[in-house]
Amino acid sequence: MGYMCALTPVEIITAAGFVPFRIKGDVNEPITKADSQLETIVCPLVRSAFDMTLKGNYDFLDGMVIPHACDSIARSYSTISCSLELPYSHFVHIPHTTKDLSKEFFEAELDTFRKSLGGFAGEEISDESLVRAIDLHNAIKAKVRELYQFRKSDPPLVSGTEVVKVLVAVMGIPAVEASQLLDDVIDEVKKRASAPARKSPRIMVIGAEVDDVAFVKLIEDSGADVVVDSMCVGTRDYFFDVDTAQKPLDSIADYYLRKLNCPRTYREWTGKTYEEDLEARFGHIGGFAKDFNVDGVILYLLKYCDPFGFEVPARMQYIQSLDTPVLYIEDEYSMSTIARLRTRVQAFLETLAK
Amino acid sequence: MEEQKWPEKYPVEGKRGRKYGTVAAMKVGPMVKAAIGSSVEAQQEDKDIAYTFIECNYDEIIRAMDIVPVWTENYAGICGAKRDAQRFLERAESLNLSRSLCTYALCGLGFDEWREELGEMPPDSPWGGQARPGVMLSSGQILCDPRNKWYQAAQQFQPDVPIYNVAGLFPMYERDVDSHEIEGYYAKYITEDLRGLVKFLEEHFHKKMDWDRLWETIKLADATTDLHVECRELRKAVPTPMDTGDAMNCMVPQAFMMGTQEAYDFYRDLRDELRYKVEHKLGVVEEEKYRLVWAGGLPSWFALSDFNYFWSKGATFPVESTYNEQVYSANELDLPKTDDPLEYMAWRWIRRWTYWYDLARKRPGSEPDVERTINYIEQYDIDGIVMHEAFSCRTWHVGLIWQLNQLRKIYRDVPSLILESDIVDISSYNEADTRARIDAFIDTLEAVKSR
Amino acid sequence: MTGRYFAGVDIGSTMTKVVIMDQALVASVIGPTGPEHRKLANRVMEEALAKAQLSFDEIDYVVATGYGRINVPFADKQITEISCHARGAIYMVPGARTVIDIGGQDCKGIQVKEGRVIDFVMNDKCAAGTGRFLEVTAEELGVDLEDMGRLSLEAENRVEISSTCTVFAAQEVVARLSEGVPLADIVAGLHWAIATRIYRMVRRLKIEKEVVLTGGGAKNAGLVNALEAKLGFPAVVPTEPLLTGAMGAALLGSDMVMKATESGTSLPRRERRLDEATLFT
């Protein structure tokens, strides 16, 4: 069952007996077919993913589930579900605010999805199967967190490039296999001998979906280590568990609405000052920067990204308040920009050199 | 404000390609200017002011509580129409906001940042400027990320202004789920969120909602909408008495003045004028050769003169989809009975947005937007479709190509044209290129007609 | 440190600049880059060496920068043009805090403090705001590129060019010309448009005096005039604005050698020969 974006409740998909398969684009493939059906002002990643589906890369999918992530994704829903003529498609509404009444709505909406997907699967999705799915996905999250711990050392025992490769692979395989893959990777990394401190700049990448190795590799090839991130597929997807205290659907609603930290969700102002508001919204970045001993932050966004785009000044203000240098890049989803990226990244790393 | 003398009898001679102008449309400019002027005065007098977005389902609430709305999208549109948006866009860019974001928001944010830095309105602000609000009212809805994030971004330079973000979700069109089965919990969510909004406004502005007054305001708004619906129906006549060029102005009371007597009077006068014109067969152009539907996209506010160009070729637009999304009579919507005005508003909202779902379901392959276009083509005797793609707005300008493709698949091949530019950023607009495209389109229409 | 020489090679998209320095400039060469810059980087270097009357082995350290920096096989290190322009600008203008480089095909803004780069912005995607904008429009107008700056200063009523896209702007100027608008006014409008575009980008940094203008654009009096109007105060144009990058590169090389000498560490060097580059070097 194809899906886009970290906000899709994959637990429900797994519980229904389908394999959640996160579709992605391809930075190396110029977008051609998509242009005859989807406007070019859509997020380039969404366009590329759509292009891939039109070119037959995802013909094996039984269906597509799309959450209300952002305008690009929401607006493309009709186009995508219609042109692909898949047997199943569903749009999951997610409220924008985290109020209690929003959560209540979301629970009802998830129930609608559960019934719809159950109908397509030919079998109702039981609470027990949901609980099993939650546990399975939580286990994966825990393993990813474990893998990340190996990045805290100097130099890290596993590179940013390697981690992104693994996480992208995990995006498209059944949960049980993903769990196994992570176990194997962790076992291998554990055996690596630690090396003497290299003092390369330690970089954190912040972005939306950075699902291609190319960008992270470029940073590391330029002489730095990408040690942590706040991006999909990265900490955004894996650093919080779906709790098991509430009924499964309620827990899932709580996770995707409140725990998962994505700009598309509007977080209410709770503090007294603007700085407190920034801390509430972006504190997790500060936490990572500290835990992973980060020297510099690269804020990497794609053109036409509204949710992140509006937050850039606020994010930069927050990061600068940590006394951490930050580089802001706006890019297209394509390899053609690689030379320009290299210059900016290299120049930024040069400013970090002690 | 100067005394305006409206012609006592229509018709009024049109200008630049038009045979007869719309008297009512002429009132809009001064109305908006007056509204902006009074919001600036309201700021000086310390009155209750809120930043608002259009079509967020809170108009009646604001009016019933005597809160002065500052319609930030409208203000940006005015800067665009006056071709004075660039300096605000540039200011926003200097803050590291991407140029590909909604240019309404960039204009508004650039303006606000400048105003806050100066402590007063920027020099030569169009029509007096954008008044500083006491609160800002966002709405995530189903579309429009800017309406979810814009005001939050503005808090960086006006952190003392709190935000309420009110829900406006409605069921998406699905093949396997009938919206009627799930409307209930959507309505509940919106009702409660509106209740929260009222509470927020009461607390912030230290006043209580008069619920009877709210009901009256709702009834006035509904009656106003009914008049507006009548106006739209009257435009079915051949020749059409008013077209999209004027409708882009005449939508103002619907969008910005809902719940006021002024809006009611406006559409009543417009309705009377259109009745007269239909009776006397007075059309927009000398010879109406082609009837077009504006089937998607916001207009380029600085290039409304493109309509004059269409008129000069004998083409008119009897109907448009833009700004008509809420123009449905409450009587048609089969709303459940309730004593709670907020619940009423919630159901009305959902039913308006899902108006075309039932019909779409009956036609294989159809979708609500496509269904609406088909209906307009048939009811308004349409020869061709025009759409506009504004580069900074994903909300209204994605899915246009697909709509045309789908229309072709399930209905028939209708000549169509997609114009490309932006809502506010004039640097994206190329007049020569646009005119050339229109010329080519007219040729196609002519060829189809003479077959 | 007498008797030590450092070379900076700046391969820009339009022009290649090579300098040889000790404590001051010893020799410099400026030439068009052309499509074969990879193969021919050594030729420019040879020319510079000839001018300086030095042999390649006498050069202690070579730093390459610019768009083509990865194509200089005999360089000891590659450093981005941002760091190099900053270093060069500080050398030429000790009080430099903001550097604006206007090149043939890109432009950049660099914020400098205490000798270090703090922040930077670049536009290397779009011709508007670069020398290319003037090239294209000059051709449309039938004016020599070198005359454009001087002509803009003769304007009485500067024209407003609304297009930011180079191609659209070129169309716009042709239209204005056919309407009978004086040439100087149009050219002034073009310069204002570039300055607007550049200023818009640089504003994302904190602009502080002294503002130093470098690159080919800095030699255009009309553009300098327009930029100063946008800034609201005078900017500084060094005597050799084209050489900032190359000089900065050489100086950074010298900094690195000095630091290594002081701390007793050794610097990594390329196994280098001054040959024409092959596919495999």
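Modeller: Helices (runs of H or I in DSSP, at least four residues) and strands (runs of E, at least two) are numbered from the N terminus. By this rule chain A, which I take as the part to look at, has 14 helices and eight strands. The radius of gyration, taken over C-alpha atoms, is 20 Å for chain A, and because the globule rule (2.2 Å times the number of residues to the power 0.38) also gives 20 Å for 354 residues, chain A is as compact as a globular protein of that length.

Before going on, please note that this is a predicted model, in which local features need pLDDT of at least 70 and side-chain atom pairs count only at pLDDT 80 or more, while totals for chains, interfaces and linings use all residues. Residues are numbered from 1 along each chain as its sequence is written, and chains are lettered from A and ligands numbered from 1 in the order in which they are written.

Along its principal axes, the C-alpha trace of chain A spans about 60 × 50 × 50 Å. A residue is buried if 20 or more other C-beta atoms, placed from the backbone, lie within 10 Å of its own, and 53% of the 354 residues of chain A count as buried. Two residues are in contact if their C-beta atoms, placed from the backbone, lie within 7 Å; among the contacts in chain A between residues at least 6 apart in sequence, 74% join residues at least 24 apart.

Chain A also touches chain C, in a contact that takes seven residues from chain A and 10 residues from chain C. The side of chain A in this contact has one nonpolar, three polar and three charged residues, where Ala, Val, Leu, Ile, Met, Phe, Trp, Tyr, Cys and Pro count as nonpolar, Asp, Glu, Lys and Arg as charged, and the others, Gly among them, as polar.

Of its 281 residues, 51% are buried, and residues 24 or more positions apart account for 71% of the contacts in chain C with a separation of 6 or more.

Note on methods:
Buried ≥ 20, exposed ≤ 12 C-beta atoms within 10 Å, placed from the backbone.
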